[in-house]
Structure formats: C-alpha cells, structure tokens
Amino acid sequence: MAIAYVALGSNLGDKKKNLQRALMLLMQQGVDVLQVSGYFATEPYGVTDQPQFLNAVCKVRTNLEPVALLRHWGERNIDLDLLLYENVVMQTPELTLPHPDMQNRDFVLLPLLDIAPELEHPLLHKTVREMAAELNK
C-alpha cells in the first residue's frame, strides 16, 4: 500500500458538494481516504476568465501504481491532480511525479499545508511549509 496526495478542485455548480462527491467516489473505488484538508476558495490559475475555485487536498492509501491511480479517476466534472505518490519521481507522457508545478500553486500548497506541513518534496527537498512560505513572499 502506498501513500499519495491528491488535489481536488471545482469551480462549477455546488463546489463543496462536488468535492465531497469526488472523495466518496474515491472511497467507493477502493482508495482509502485517510485525511482531507479544509476547503479553500482560490482564484483561477492559468485561464483566469472563469469562476473562483474551491480546492482541497486529500491523503490517500492505495494499492494502485501511480499511472493506474491516475487512470482510475476516468471522466469527471472535477479537477483531480496526483501531487505526490510516496517518494516516486517519474516522467511519462501521461504522468509526471511529483506534480511539476505544485510548488507554484497556492491552491495546492494551502490545503496541503493544512494536512502535511512537514511533507518533503522529493526533488526540491523542501517541506510544504517552506514552499508555501516562499510562494507567499
């Protein structure tokens, strides 16, 4: 069993309900949701002419390999990003771990700071707390 961190985001409809449904669907598919951050309202990143997002991060335990976990989500109306999977470092056309831009995204770092402040990025060798402090300078 591996520990992974998954970012969740929704900016359409009942955002909180969408996040809760995504967590329930993960559990129904055999992924153990161990911890969930608080929900954070954030501005859109990248394409900014869209509604505000509600974001969270969950810590999960799974027996699925990283790419299988990613494929496991299938089509959905919520954004799910695999941030970290143990200390795995990989780059394939389908998946890059750790998430290549997580250290630049407050909508990832704030929820992650809520549940895993001392978690260390396997390439940057900085904790979530350190990355969040650098981002907010």
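This report describes the fold, the overall dimensions and the nonpolar cores of the protein.

The structure is a predicted model, in which local features need pLDDT of at least 70 and side-chain atom pairs count only at pLDDT 80 or more, while totals for chains, interfaces and linings use all residues. Residues are numbered from 1 along each chain as its sequence is written, and side-chain values use heavy atoms, with hydrogens and water left out.

The protein has four helices and seven strands, taken as DSSP runs (helices H or I, at least four residues; strands E, at least two) and numbered from the N terminus. Their order from the N terminus is β-α-β-β-β-α-β-β-β-α-α. Because the radius of gyration, 14 Å, is close to the 14 Å that the globule rule gives for 137 residues, the protein is as compact as a globular protein of that length; the radius is taken over C-alpha atoms, and the rule is 2.2 Å times the number of residues to the power 0.38.

Of the 137 residues, 43% are buried, meaning under 20% relative accessible area with a 1.4 Å probe, protein chains only.

A nonpolar core is a set of buried Ala, Val, Leu, Ile, Met, Phe, Trp, Tyr and Cys residues joined through side-chain atoms within 4.5 Å. Two such cores are listed here.

| Core | Size | Residues named |
|---|---|---|
| Largest | 23 residues | Leu8, Cys58, Val60 and Leu82, those with the most contacts inside it |
| Second, separate | 15 residues | including Met102, Phe107, Leu109 and Met131 |

Val60 of the largest core touches, among others, Ile3, Val6, Val31 and Leu34, leaving aside residues up to four places away in sequence, where contact means heavy atoms within 4.5 Å.

Technical notes
Buried means under 20% relative accessible area, exposed over 50%, partly exposed in between (1.4 Å probe, protein chains only).
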